[in-house]
Amino acid sequence: MYDVAVIGAGVVGSAIARELSKYQLELTLIEKESDVSTGASKANTGIVHGGYVAKAGTLKGELCIKGNSMYQKLNEELNFGYKKTGGLVLAFDEEDEKTLEKIYQNALKVGQPEEEIEIIDGDRIKEIEPHVSDQVQAAFYCKNIGVTSPYEFTIALAENAVDNGVDLKLESEVINIEKDNGYFEVETVNEKIKSRYLINAAGIYADRIASMLNTDDFEIYPMRGEYVVFSKSQSHLVNSVIFQAPNPKTKGVVATTTTHGNFMIGPNAEEIDKKNDVSTTFKEIKYIIDQARRSVPDFDTNRMLRTFAGLRPKSTRGDFIIEETEHKGFIQAAGIDSPGLTSSPAIAKKLVNILKDSGLKLNKKDDFNPQRPAIVVEKDEDFAGEIDHQEPKKNIICRCETVTEAEILDALSRSIPIKTTDAVKRRTWAKTGECQANFCESRIKKIISRELNIPVEEVKNRDEDYVPERLDVYELKKKLNS
Ligand SMILES: Cc1cc2nc3c(=O)[nH]c(=O)nc-3n(C[C@H](O)[C@H](O)[C@H](O)COP(=O)(O)OP(=O)(O)OC[C@H]3O[C@@H](n4cnc5c(N)ncnc54)[C@H](O)[C@@H]3O)c2cc1C
């Protein structure tokens with residue numbers, strides 16, 4: 001019998017599991033895929049938002065501001081990669097300038113400290129972002145915006161939760177739930193699990209989980225966002241995070257630089273039918289490129305590396321749904337679309353309070369260890385690695401990102417068992433460089449095969465059967481240049 005079972009190892013479920021692992025509790029985190037962070041938490045913009053978009057009085061507004069303020073300390077503990085960069089919302093005409101004023105006023109209402117926000121123009125904008133368009137007339141400057149690596153954050157939370165005693169069950173899709181004699185019986189494809197409390201953090205499938213207990217007061221529908229990632233040669237173009245003032249025609253797209261130094265643009269917002277359709281399309285990618293050029297005109301589409309898409313789990317109730325249901329002990333953390341990544345540490349704290357109010361006894365552990373070391377090792381410019389060097393710390397497996405065998409071995413030996421080359425990618429950044437895995441894929445497969453003692457032909461890139469239709473970047477460049 002577990003005290004608490006959490007369904008879904010995205011950033012929300014993983015943050016909740018880690019927060020609960022500070023207490024003397026029997027905990028399990030249940031995930032249908034073979035790794036954590038394969039849903040919305042894998043494919044998003046990676047922005048630690050400022051919280052000025054959501055209205056005052058909403059959970060989105062409150063928890064975004066709280067979550068943002070927790071990132072610095074979390075990164076010191078968990079080493080996932082976070083940078084406070086600041087962010088600008090650009091205005092291109094008078095209407096946009098009026099929108100900036102509204103954003104500023106809303107930011108104050110939602111709880112942004114006055115010293116963190118200002119409206120700036122002219123030289124100030126160019127000082128912060130020398131490469132923005134000359135058409136920009138003013139900008140809302142929010143200093144506490146940052147960027148993070150969303151999947152490294154999720155992995156770090158889940159790994160630290162497991163290190164502190166959480167029982168992570170991968171490849172364990174929940175297919176039925178019964179409530180009986182004061183506890184929940186959660187049936188997965190592998191086993192039946194008993195738990196006194198149950199948390200629904202199943203992302204885009206949270207409505208399906210809720211309906212297993214006949215709780216159907218919301219639906220989750222997918223809102224796709226597509227992106228283009230560029231090589232590091234373009235990273236000088238953006239220092240902070242660049243947004244555009246929303247208008248009735250568009251919410252605008254973002255231009256940002258990831259924590260690993262890749263220039264990235266997107267997302268759009270498309271309502272789609274299928275809950276797993278992370279394809280990318282020429283029409284939408286072209287729209288994103290055209291929109292991003294309004295902010296930063298000079299990026300080079302010949303330096304595009306790949307496109308990808310993520311699905312926002314939008315709820316029919318609009319705001320985050322974080323509440324105990326009519327079934328005592330069954331708690332929703334559902335409809336967590338943007339800014340859910342930012343809010344996740346604050347969502348976890350709120351969940352713990354809901355559990356406490358519902359009667360769960362919370363006694364702190366003496367031996368909770370908040371620390372989790374980084375996997376990616378910072379290397380000096382004169383790092384003397386070599387291909388096929390016998391020493392793992394010097395043996396370079398991914399040439400583009402200088403990922404060593406030692407880093408891959410470290411990823412494979414952590415407390416979340418992994419077996420695909422994409423799982424290695426999410427931990428080490430191998431496969432993400434200019435050659436897009438042409439050089440390192442087979443080398444990573446050989447290491448996984450050797451370490452897990454399985455034939456190399458059985459090592460896969462990814463576990464999911466569904467392979468999204470992503471635009472071929474070579475074809476995309478040809479089409480854009482024609
Ligand atoms: C395009 C886009 C851009 C975004 N940009 C930002 C941003 O810049 N900043 C920000 O703060 N937020 C952003 N967000 C929002 C953020 O990504 C989400 O709020 C967050 O990732 C949601 O996390 P989650 O854990 O609820 O969902 P998920 O990450 O989807 O996790 C849910 C998990 O539940 C598992 N699951 C589902 N069903 C079952 C089952 N039956 N049994 C077991 N497991 C199950 C899934 O496999 C999955 O791993 C963005 C989202 C998108 C899509």
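This is a predicted model: local features need pLDDT of at least 70, side-chain atom pairs count only at pLDDT 80 or more; totals for chains, interfaces and linings use all residues.
Local features are reported at pLDDT of at least 70 and side-chain atom pairs only at pLDDT 80 or more, whereas totals for chains, interfaces and linings use all residues. Residues are numbered from 1 along each chain as its sequence is written, and side-chain values use heavy atoms, with hydrogens and water left out.

The UniProt record, in an unreviewed entry, lists residues 3–352 as "domain: FAD dependent oxidoreductase"; such annotations may be inferred rather than shown by experiment. Over this range the chain is 28% helix and 29% strand, and its end C-alpha atoms are 13 Å apart.

Around the ligand stand 39 residues, of which Glu31, Ser41, Ile47, Ile336 and Thr342 come nearest (a residue is near if one of its heavy atoms lies within 4 Å). By class, this shell has 18 nonpolar, 15 polar and six charged residues, with Gly counted as polar and Asp, Glu, Lys and Arg as charged.

Several polar contacts (pairs of N or O atoms within 3.5 Å) can be located. A polar side-chain atom of Glu31 lies 2.6 Å from a ligand oxygen atom. The backbone contributes as well: a polar atom of Ile47 is 2.8 Å from a ligand nitrogen atom, and a backbone N or O atom of Gly340 lies 3.5 Å from a ligand oxygen atom. The protein buries 97% of the 1000 Å² that the ligand exposes when taken alone (Shrake-Rupley method, 1.4 Å probe).

Helix 1 (11–20), strand 13 (220–230), strand 18 (304–315) and helix 9 (340–357) each give two or more residues to the shell (DSSP runs, at least four residues for helices and at least two for strands).

Note on methods
A polar contact is a pair of N or O atoms within 3.5 Å; within protein, one must be able to donate a hydrogen and the other to accept it, and residues adjacent in sequence count only if both atoms are side-chain atoms.
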